[in-house]
Amino acid sequence: MSKDASDSSARSDAKGEGDATDEGSRERHPLAMETLVSLCAARGFIYPSSEIYGGIAGFWDYGPLGVELKNNLKAAWWRRMVRERDDVVGIDSAIISHPRTWEASGHVEGFSDPMVDCRTCKRRFRADQIEGERCPEAPKKRAISDCDLTESREFNLMLRTELGASVDESTTAYLRPETCQAIFSGFKRVRESARQKVPFGIAQIGKAFRNEITPRNFTFRSREFEQAEMEFFCHPSEAEHWFEHWREFRLQFHKDLGFDERLLRTRPHAADELAHYARAAEDIEFLFPFGWQEIEGIHDRGDWDLSRHTEYSGKELAVTDEQTKERFTPMVIETSVGIDRTALALLVAAYRQETMENGEERTVMGFHPSLAPIKATVLPLSKKLAERARAIHRDLRKHFNVFYDEAGNIGRRYRRQDEVGTPYCVTYDFDSEEDECVTVRERDSMNQERIPIAGLKRYLTERLEEAS
Ligand code: GAP
């Protein structure tokens, strides 16, 4: 399996910023990536892993706001894909599987990119990405193709580890490069224990690892990332129907996250792009500042996976149709979305800068309220009012992720919340002591409403539920 065939955006990394799939198109989201990257670090969404050591390429840490955003996204996926459906069940499998898994899946043999090394600067490049690129060591002097390069060789992208205490008895194992293989190897167990009949699906969210030669574009191409995958097993005669169904269902999911439809598109794979297991594939793409890029793949994997695991394990994974008594190996329709890529798309789409009526500028992260890391912030107008305001905060935080802020003037506190996308600010002022009401300010319209403290939880619940 070529890694390019698996994640189609990889094939054109050499273009522009390096990730554009639409090689001819210059279409880009207008946001400058540097602006977003610095906001993410400054506000605690995402920052380089092991930053105090200078970071490590392809690894990122999610801070207090980033983890909430990512958890909200994963919860939305799980609710839509598992909880709201009768025909999909969830699992959480181990990151490390029996090494034979990766022989059966084709990853040991062919999950690779072509790579060349520079004998002078010792840098490593993807052989299919050097055309037209300058040498990073001496960009003014030479192109990479003029460096002293080794022959191209295949570089397997799986991250290896050794299991076992002694060198002699240790076994090479792999950190999974995709989450779905444990769904295939556990197919029989899950089908029987969950009493499911084909057609049905198995879903999971989890970490995946790829030793990307050129991680780039912030979290877009990382070495450690999260996937949310669902494998839907069906009769061969129904594969086309389910492919259509899942493509529409998944596209709707992205629209419901609040993405402007102009930032989303689907792109069917050309025949020469298809992974060897795929009979058809379509990407859902988002318009990033570095061009149209895949955030999700919908794949018709045929019976490749179950047949291969049957062959390599010796355990039959075919099923019998109870009515017709037909014995068949189910076909698989896969939906595979990158959580980090979708979170990055949410951050890109949410960012806006605007001038208010008073002429001041504000930065707003316009997240859909159901995805916003903080749902509401309680602000006492004066520190003298802190006791009652804190009591409101304590009460609300049992139900939502609510923040408390008493530092600085109220305008600055509103700005801070706008910048992290908090949809509601709840201000407790001197009148609150008399009328038992608070002022609720909505992030986008900046409209303010006076609400009884006793009805606050209901007020927020209705609005947050309406939005989800
Ligand atoms: N099981 C099929 C599979 O893994 P893929 O197209 O290689 O297919 C699916 O990956 C999704 O995983 C992609 O659409 C992307 O969102 C995400 N993904 C793949 N490689 C990634 C990387 N290096 N960094 C971040 N996300 C990645």
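Lysine 122 is found in the loop between β4 (112–117) and β5 (124–126), where helices (H or I, at least four residues) and strands (E, at least two) are DSSP runs numbered from the N terminus. The phi of lysine 122 is near 70°, a positive value in a residue other than glycine. Lysine 122 is exposed, with a relative accessible area of 65%; exposed means over 50% relative accessible area, buried under 20%, and partly exposed in between (1.4 Å probe, protein chains only).

This is a predicted model, in which local features need pLDDT of at least 70 and side-chain atom pairs count only at pLDDT 80 or more, while totals for chains, interfaces and linings use all residues. Residues are numbered from 1 along each chain as its sequence is written, and side-chain values use heavy atoms, with hydrogens and water left out.

Most residues other than glycine have a negative phi, and most peptide bonds are trans. Asparagine 217, in the loop between β9 and β10 (224–234), has a positive phi of about 55° although it is not a glycine. At 10% relative accessibility, asparagine 217 counts as buried. A cis peptide bond, with omega about 10°, joins valine 198 and proline 199; proline 199 is found in the loop between α7 (187–193) and β9.

Proline 199 is also one of the residues touched by aspartate 87, contact meaning heavy atoms within 4.5 Å. Others include Phe200, Phe232 and Trp242. Aspartate 87 sits in the loop between α3 (64–83) and β3 (88–90) and is buried, with a relative accessible area of 16%. Its side chain makes a polar contact of 2.8 Å with the side chain of arginine 85. A polar contact is a pair of N or O atoms within 3.5 Å; within protein, one must be able to donate a hydrogen and the other to accept it, and residues adjacent in sequence count only if both atoms are side-chain atoms.

Strand β9 (residues 200–209) holds lysine 207, which is partly exposed at a relative accessible area of 29%. The side chains of lysine 207 and glutamate 224 are joined by a polar contact of 2.9 Å. Lysine 207 also touches Ile95, Arg176 and Thr179, among others.

The largest nonpolar core has 60 residues, of which Phe45, Trp77, Trp246, Phe286, Phe288 and Leu347 touch the most other members. Such a core is a set of buried Ala, Val, Leu, Ile, Met, Phe, Trp, Tyr and Cys residues joined through side-chain atoms within 4.5 Å. Its largest share, eight residues, comes from α10. Apart from this core lies another, of 21 residues, among them Ile392, Val402, Tyr424 and Leu464. Tryptophan 77 is in contact with residues including Val82, Ile205, Phe253 and Arg250. Arginine 250 lies in helix α8 (residues 239–256) and counts as buried at 0% relative accessibility.

The axes of helix α2 (residues 33–43) and helix α10 (residues 339–350) come within 11 Å and cross at roughly 105°. Axes are lines fitted to C-alpha atoms, for helices over the stretch in contact, and angles run from 0 to 180 degrees between N-to-C directions. The two helices, α2 and α10, are therefore roughly perpendicular to each other, a label for angles of 65 to 115 degrees; under 35 counts as roughly parallel, over 145 as roughly antiparallel and the rest as oblique. Met33, Leu36 and Cys40 in α2 meet Leu344, Leu347 and Val348 in α10.

Terms used
Lists of a residue's contacts leave out its neighbours within four places in sequence.
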